[in-house]
Amino acid sequence: MAIVAADTVWVLISSALVLLMLPGLALFYGGLVQRKNVLSSMMHSFVAMGVMALEWVIIGYSLAFGEGNGFVGSLEHLFLRGIDPYSVTGTIPTYAFVAFQGMFAIITPA
């Protein structure tokens with residue numbers, strides 16, 4: 001299938017909006033704790049963002065979307081192996097799809 005520019009833009013904007021939810025969530029959690037613990041509580045969200053982003057690229061995408069059984073995927077896309085700038089998923093570039101799905105993987109533990 002060919003890449004549709006409108007679909008790609010929509011997915012990237014949606015990814016950015018989900019990414020903007022993380023500081024909002026950090027501020028929300030910061031408001032729930034005592035004054036002395038605000039920074040620590042907020043940093044938990046931002047550290048989780050970094051850790052989950054690495055985990056998603058290294059193994060998460062492959063386990064979620066790799067060929068496998070009905071329960072878990074294979075390790076064929078470990079470190080995004082086999083995906084290049086010309087790969088297409090549906091009507092969007094695969095890297096845009098990886099970023100979009102990764103945003104939800106990032107915000108879930110936060």
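Reply: Happy to. Keep in mind that this is a predicted model. The axes of helix α1 (residues 5-31) and helix α2 (residues 38-65) come within 8 Å and cross at roughly 155°. Since that angle is over 145°, α1 counts as roughly antiparallel to α2.

Me: And is the crossing of α1 and α2 left-handed or right-handed?

Reply: Right-handed, as α1 passes α2.

Me: Which residues meet there?

Reply: From α1 you have Leu19, Leu22, Pro23, Ala26, Leu27, Tyr29 and Gly30, and they meet Val38, Ser41, Met42, Ser45, Phe46 and Met49 of α2. By class, that contact has 10 nonpolar residues, three polar ones and no charged ones.

Me: Nice. Switching to aromatics: how many pairs are there?

Reply: The count comes to seven aromatic pairs. In one of them, Trp56 and Tyr61, the ring centres are 6.1 Å apart and the planes sit at 80°, so the pair is edge-to-face.

Me: Are Trp56 and Tyr61 buried or exposed?

Reply: Trp56 counts as buried at 10% relative accessibility, and Tyr61 is buried too, at 5%. Trp56 also forms an edge-to-face pair with Phe65, 6.4 Å centre to centre with 85° between the planes.

Me: What else does Phe65 touch, leaving out its sequence neighbours up to four places away?

Reply: Besides Trp56, Phe65 touches Phe97 and Gln101. Phe65 lies in helix α2 and is partly exposed, with a relative accessible area of 34%.

How values were computed
Residues are numbered from 1 along each chain as its sequence is written. This is a predicted model: local features need pLDDT of at least 70, side-chain atom pairs count only at pLDDT 80 or more; totals for chains, interfaces and linings use all residues. Side-chain values use heavy atoms; hydrogens and water are left out. Axes are lines fitted to C-alpha atoms, for helices over the stretch in contact, and angles run from 0 to 180 degrees between N-to-C directions. Helices (H or I, at least four residues) and strands (E, at least two) are DSSP runs, numbered from the N terminus. Angles under 35 degrees count as roughly parallel, over 145 as roughly antiparallel, 65 to 115 as roughly perpendicular and the rest as oblique. A crossing is left-handed if the near helix is turned anticlockwise from the far one by less than a right angle, and right-handed if clockwise. Contact means heavy atoms within 4.5 Å. Ala, Val, Leu, Ile, Met, Phe, Trp, Tyr, Cys and Pro count as nonpolar, Asp, Glu, Lys and Arg as charged, and the others, Gly among them, as polar. Buried means under 20% relative accessible area, exposed over 50%, partly exposed in between (1.4 Å probe, protein chains only). Rings of Phe, Tyr and Trp (its six-membered ring) pair if their centres lie within 6.5 Å; planes under 30 degrees apart count as stacked, over 60 as edge-to-face and the rest as tilted.
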